Amino acid sequence: PLISVIAGFEGGMIDGLNNNPEISSFVSELITESGSNKFPKDQLRSFLSKTSTSIRGDGGQRGVTFTMNCTKQHFDNSWDLFSSLILNPNFDSVEFSNILKRRINNVNSRWSRPEPLANLIADSLIKLNHLILSKRSYEK
């Protein structure tokens with residue numbers, strides 16, 4: 001059997017704590033890739049690959065969520081790892097640089113591909129007058 005866990009934390013742009021929803025997304029990704037005090041990133045990666053456990057972080061306007069999928073057989077150890085990442089994360093400078101470069105490359109490549117660019121523009125137009133979704137990620 002497969003077990004899924006979601007831990008969500010409210011806050012960020014919607015509460016006026018942050019003007020850029022990408023910050024929470026960036027930090028949640030950094031947490032899930034950097035390891036923790038108890039599980040350094042090499043140990044984290046080894047465990048995830050050996051047990052088929054997946055842990056992801058995502059953030060947006062409403063806050064941050066972390067998800068974990070694992071088998072029942074590995075739940076206890078997976079939960080220990082998952083909770084350690086959330087409660088005692090390492091913020092690895094190498095992972096920070098890797099994530100930053102990857103995100104910059106994604107933004108730069110977005111402008112060279114017409115279909116994603118058209119989707120971005122259409123999505124922006126749809127959300128233009130929406131009470132919550134129209135919040136900008138920059139100050140006017």
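Q: What joins β2 to β3 in this predicted model?
A: A hairpin does, and it runs through three residues.

Q: How do you know that β2 and β3 pair?
A: Pairing asks for at least two bridges between the strands. β2 and β3 (residues 63-71) have six bridges, in the antiparallel sense, so they count as paired. One place to look is Gly59, whose bridge partner in β3 is Val64.

Q: Why are β1 and β2 called edge strands?
A: The sheet is open and has three strands in the order β1-β3-β2. β1 (2-10) and β2 (54-59) each pair on one side only. From one strand to the next, the twist averages 15°.

Q: What makes helix α3 a neighbour that touches the sheet?
A: Contact means heavy atoms within 4.5 Å. Helix α3 (residues 75-87) packs on the sheet and touches β1, β2 and β3. The direction of α3 makes about 160° with that of β3.

Q: Why do Ile23, Val27 and Phe91 form a patch?
A: Nonpolar side chains are joined within 5 Å, provided their residues have over 30% relative accessible area. Ile23, Val27 and Phe91 form such a nonpolar patch on the surface, with about 270 Å² of accessible area together. Phe91 lies in the loop between α3 and α4 (93-110).

Technical notes: Residues are numbered from 1 along each chain as its sequence is written. This is a predicted model: local features need pLDDT of at least 70, side-chain atom pairs count only at pLDDT 80 or more; totals for chains, interfaces and linings use all residues. Side-chain values use heavy atoms; hydrogens and water are left out. Helices (H or I, at least four residues) and strands (E, at least two) are DSSP runs, numbered from the N terminus. Axes are lines fitted to C-alpha atoms, for helices over the stretch in contact, and angles run from 0 to 180 degrees between N-to-C directions. Patches are made of residues with over 30% relative accessible area and no salt bridge: like charges are joined within 9 Å, nonpolar side chains (Val, Leu, Ile, Met, Phe, Trp, Tyr) within 5 Å. Accessible areas come from the Shrake-Rupley method with a 1.4 Å probe; for residues, only the protein chains shown count as cover. A salt bridge is a side-chain nitrogen of Lys or Arg within 4 Å of a carboxyl oxygen of Asp or Glu.
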